[in-house]
Amino acid sequence: LKSHPLYGVSFASNELITDSPVSFAAIVSQGFGQEVSSTIFNEKIRGTGMGEYEGVLNAPCTISIAKESGQAAATITYTNLVKMLARAWRPKMWLANQTTIVQLAQLAFVSGTQGVPFWMGDARNGIPAQLLGLPIYFTEYCEAVGTVGDILLCNWGEYLEGALEGVKRAESMHVRSLENESTFRVTARNDGRC
């Protein structure tokens, strides 16, 4: 791994900070935390590996399952999912774009007059939805249905990730003092590879 920097910057008027010092600091801290996590997760899926994480969609080890002969474009079939499962090594979870939900919810294995659903939605809080016995999480970082990367079958235990230093935060009242604003910055140095 070779660490790459990740930066985030935010500006706020000094009036806002003075009027709400406690809640503003909490909002900035929470926002930076969410954005750093979101950026890293997006890179783990789509990253080029050049100055950022290597994403699973761009890794040479990624296996892509082609659609079936005669299968309509932008559709998901039971056979697609089973072939993904058959090719995966120690799969742990599915990731899918929200645009796949409508089709996944309608897939069922028909046995006699009964249908058994492949996707079981979250019936209780804290319990992830299941697809073919593995948890499935929906995210905007996967591609739209019908595009390579719309559904991923992953084992993140096989993904190497490291942080050289933790997330560092800094604040300056000098950078934009003429605009009567303070500057907030977050930095991290990390990398990830398949």
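In which helix is the place of Phe 41? Phe 41 sits in helix 2 (residues 21-46), where helices are DSSP runs of H or I with at least four residues and strands are runs of E with at least two, numbered from the N terminus. Please note that this is a predicted model, in which local features need pLDDT of at least 70, side-chain atom pairs count only at pLDDT 80 or more, and totals for chains, interfaces and linings use all residues. Residues are numbered from 1 along each chain as its sequence is written, and side-chain values use heavy atoms, with hydrogens and water left out.

**Two residues to look at**
- Phe 41 counts as partly exposed at 26% relative accessibility (buried is under 20% relative accessible area, exposed over 50%, partly exposed in between, with a 1.4 Å probe and protein chains only).
- Not counting residues up to four places away in sequence, Phe 41 touches Leu 95, Thr 139 and Tyr 141 (contact means heavy atoms within 4.5 Å).
- Asn 190 belongs to strand 10 (residues 181-193) and is buried, with a relative accessible area of 8%.
- Leaving aside neighbours within four places in sequence, the contacts of Asn 190 include Lys 2, His 4, Tyr 53 and Leu 164.

- Five strands form an open sheet in the order 5-6-7-2-8, with mixed pairing (two strands pair if DSSP finds at least two bridges between them).
- Strand 5 (119-120) and strand 8 are at the edges, each with a single partner strand, so one side of each has no neighbour in the sheet.
- Helix 3 packs on this sheet and touches strand 2, strand 6, strand 7 and strand 8, its direction making about 25 degrees with that of strand 8 (axes are lines fitted to C-alpha atoms, for helices over the stretch in contact, and angles run from 0 to 180 degrees between N-to-C directions).
- Strand 2 (residues 93-96) runs antiparallel to strand 8, joined by 4 bridges, and Met 93 stands opposite Cys 154.
- From strand 8, Ile 151 and Leu 153 point one way and Leu 152 and Cys 154 the other, and all are buried.

**The largest pocket**
- A pocket is an open set of points on a 1 Å grid over the protein atoms alone, where a 1.4 Å probe fits, with protein on both sides within 12 Å along at least five of seven lines; lining residues have an atom within 4 Å of a point.
- The largest pocket is lined by 36 residues, and Thr 62, Ile 63, Met 84, Leu 152 and Leu 153 lie nearest its centre.
- Helix 3 (78-87) and strand 8 (151-154) are the elements that give two or more residues to this lining.
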